[in-house]
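Subject: Structure for you to look at

Hello,

The structure we talked about is below. Please open it next to this message, as the notes that follow go through it part by part.

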Amino acid sequence: MQHLTPKEAQDFLKANPEAVFIDVRSDIEHMFVGHPLGSMLIPWVDGPDWEINPDFVAQVKKAASANRPVVL
């Protein structure tokens with residue numbers, strides 16, 4: 001695992017077009033605030049109860065593979 005600044009993440013995604021970019025914000029944030037082009041929404045916490053998504057890890061695994069880098 002590596003922590004990236006927004007600029008580093010952008011550069012990484014440009015250099016690795018096979019990477020999957022996962023937006024972990026809520027559905028509401030995704031709709032009203034906007035989201036990065038090409039990102040996939042998998043909320044970590046979401047309404048209406050604002051609890052942790054119990055399927056988060058499974059959904060991320062489904063979106064990615066061993067040969068595909070993941071940026072959250």
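This is a predicted model: local features need pLDDT of at least 70, side-chain atom pairs count only at pLDDT 80 or more; totals for chains, interfaces and linings use all residues.

Proline 43

On that numbering, proline 43 sits in the loop that joins strand 2 to strand 3 (45-46). Its relative accessible area is 13%, and buried means under 20%, so proline 43 counts as buried. Arginine 25 is 18 residues away along the chain, yet the C-alpha atoms of proline 43 and arginine 25 are 5.1 Å apart. Beyond its neighbours within four places in sequence, proline 43 is in contact with Asp23, Val24, Arg25, Ser26, Asp27, Asn53 and Phe56.

Aspartate 23

One of those contacts, Asp23, belongs to strand 1. Aspartate 23 is buried too, because its relative accessible area is 6%. What does the side chain of aspartate 23 make a polar contact with? The partner is the side chain of arginine 25, at 2.7 Å. Setting aside residues up to four places away in sequence, aspartate 23 touches His30, His35, Pro36, Ser39, Met40, Leu41, Ile42 and Pro43.

Helix 3

Phe56, listed above among the contacts of proline 43, is one of the buried residues of helix 3 (residues 56-63), along with Val60 and Ala63. Viewed down the helix axis, these buried residues fall within an arc of 60°, so they line one face of helix 3. On the face turned away from the buried side are the exposed residues Val57, Ala58, Lys61 and Lys62. The buried residues of helix 3 pack against strand 1 (20-23), strand 2 (40-41) and strand 5 (70-71).

The largest pocket

The largest pocket has a volume of about 320 Å³. Its lining is made up of 13 residues, and Gln2, Leu4, Val70, Val71 and Leu72 are the ones nearest its centre. Helix 1 (6-15) and strand 5 are the elements that give two or more residues to this lining. Helix 1 contributes the most, with three residues. How many of the lining residues are nonpolar, polar and charged? Ten are nonpolar, three are polar and none is charged.

Regards

Notes. Residues are numbered from 1 along each chain as its sequence is written. Side-chain values use heavy atoms; hydrogens and water are left out. Buried means under 20% relative accessible area, exposed over 50%, partly exposed in between (1.4 Å probe, protein chains only). Helices (H or I, at least four residues) and strands (E, at least two) are DSSP runs, numbered from the N terminus. The arc is that of the directions from the helix axis to the C-beta atoms. Contact means heavy atoms within 4.5 Å. On a 1 Å grid over the protein atoms alone, a cavity is a set of points where a 1.4 Å probe fits but cannot get out, and a pocket is an open set with protein on both sides within 12 Å along at least five of seven lines; lining residues have an atom within 4 Å of a point. Grid points are joined across faces, edges and corners, and a volume is the space filled by probe spheres set on the points. Ala, Val, Leu, Ile, Met, Phe, Trp, Tyr, Cys and Pro count as nonpolar, Asp, Glu, Lys and Arg as charged, and the others, Gly among them, as polar. A polar contact is a pair of N or O atoms within 3.5 Å; within protein, one must be able to donate a hydrogen and the other to accept it, and residues adjacent in sequence count only if both atoms are side-chain atoms.
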